[in-house]
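The structure is shown first, and the description follows.

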Amino acid sequence: MPARRRYELRDPELDAAIEALVASAEARFGPIEGAELVRQMMVSVLGLAREEASTGDLKLLNSALKELRHAIRVFEPYRGRRKLSTFGSARTRREDPTWEQARVFSARMAEEGWMTITGGGGGIMEAAQIGAGRDDSFGVNIQLPFEQQPNPVIKDDPKLINFRYFFSRKVTFVKESHAIALFPGGFGTLDEGFEALTLIQTGKSELLPVVCIDAPGGQYWRDFEAYLRKDLVGRGMITEADCSLFHVTDDVEDAVSEILGFYRNYHSSRYVGDRLVIRLCRAPSERELELINDEFADLLVRGAISATEPLRQEGDEAAGLPRIALHFDRRSIGRLRELVDRLNGFVEAVETRPAASPHQIVEQPLSPDAERRRDEL
């Protein structure tokens, strides 16, 4: 197979200048882990200049890059904490049972050591951040001419990020989340929910739990699920297994169990060559491997699901954790989620906060806010 051509401007003088600038930055800042990616980004920027991109296009790309850079900087100190993105209507009032459901749910997740990310506005977003508390909250706000003003919990907090563009905001939500909670809402809530499910279903984001939470006795998400099953599954537009990618409930403890249970055994996954490697907290026994091979043979393009040692291409990612590997067909994501559920089912539900998770999570003490809420609940 011929070597891939290096990404360059094909201008020897400018390419050399870029190389020299990256080397100078490393001399100033120390070794840059992604030095090659930094070089390629500089090539892209200068390529836009050479191609005479319009001022409007340059403004869009410049703003998006600055927004994402700022978001990465804000989240970086909290890499050791799991985070939950919560969506719901900005128009939900405090007297609505859904508002209280969002508050209690977020308080319970904070009690379990999780942080909450919302759009930073009112309604369900404010309820969730009241439940989580300021210390355990992020606001990922969008600048709109109406409605979306920061709520009092997150206003003026350094963990509040204001975005101009929905697309860069969505990247941040998905990139930083280990779970997603959807409460009843309008176009925006449904957009975020379908976006998350689309990214998961197509393998463009990591598997993660999505819970659709209603007020006790509420029908919003039951009707949503019925629509999906009747008109999408019924017409062959999605599969029955795709409905395993989300969980509908009107019970807070059930929603909490769904999220925590997802990480009971599952840690993370990545492709190494043509194999999907799934990292686990506990290795399956020989009998358990036989069971999942019998039940999930339809996921395989060849071979079997097998235990494996960490692969060299993984580097230090999740070092020391057991793994299984399979030649996955890369399209049956709903069935893959069912495989993860089965692997989680092999582990007793005795540890609600496992030490491992997808983004190198480590166990950390609860914040003072979360300690206080735990005592209040």
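## Second largest cavity

Helix α7 contributes the largest share of the lining of the second largest cavity, namely 3 residues. The model is predicted, and in it this cavity holds about 40 Å³ of space. Its lining consists of S85, F87, F173, V174, S177, I180, E192, E195 and A196.

At least two lining residues come from each of β1 (83-87), α6 (166-176) and α7 (187-201). Sorted by class, the residues around the second largest cavity comprise 5 nonpolar, 2 polar and 2 charged. Counted by the rule applied here, the model has 3 cavities of 30 Å³ or more.

## Largest pocket

Two or more lining residues are given by each of α1 (12-29), α2 (35-50) and α3 (55-75).

Among the contributors to this pocket, α3 supplies the largest share of the lining, with 5 residues. The class composition of the pocket lining is 9 nonpolar, 1 polar and 5 charged residues.

## Sheet order and pairing

In general, the strands of a sheet pair through backbone hydrogen bonds, in either a parallel or an antiparallel sense. Here, 7 strands make up an open sheet with parallel pairing, arranged in the order β4-β3-β2-β1-β5-β6-β7. The edges of the sheet are formed by β4 (160-163) and β7 (247-249), each of which pairs on one side only. From one strand to the next, the twist averages 20°.

Within this order, β2 (residues 115-118) and β3 (residues 137-142) are joined in the parallel sense by 3 bridges. For I117, the bridge partner in β3 is F138.

## Helix α3 against the sheet

Which strands does α3 touch where it packs on the sheet? The helix touches β1, β2, β3 and β4, and the direction of α3 makes about 170° with that of β4. Helix α3 is also the element that gives the largest share of the lining of the largest pocket.

Note on methods. Residues numbered from 1 in each chain as written. Predicted model: local features only at pLDDT ≥ 70, side-chain atom pairs only at ≥ 80, totals over all residues. Heavy atoms only, no water. Helix = DSSP H or I, 4+ residues; strand = E, 2+ residues; numbered from the N terminus. Nonpolar A, V, L, I, M, F, W, Y, C, P; charged D, E, K, R; others polar. 1 Å grid on protein atoms, 1.4 Å probe; cavity = no way out; pocket = protein on both sides within 12 Å on 5 of 7 lines; lining within 4 Å. Points joined across faces, edges and corners; volume = space filled by probe spheres on them. Pairing = 2+ DSSP bridges. Axes fitted to C-alpha atoms, helices over the stretch in contact; angles between N-to-C directions. Contact = heavy atoms within 4.5 Å.
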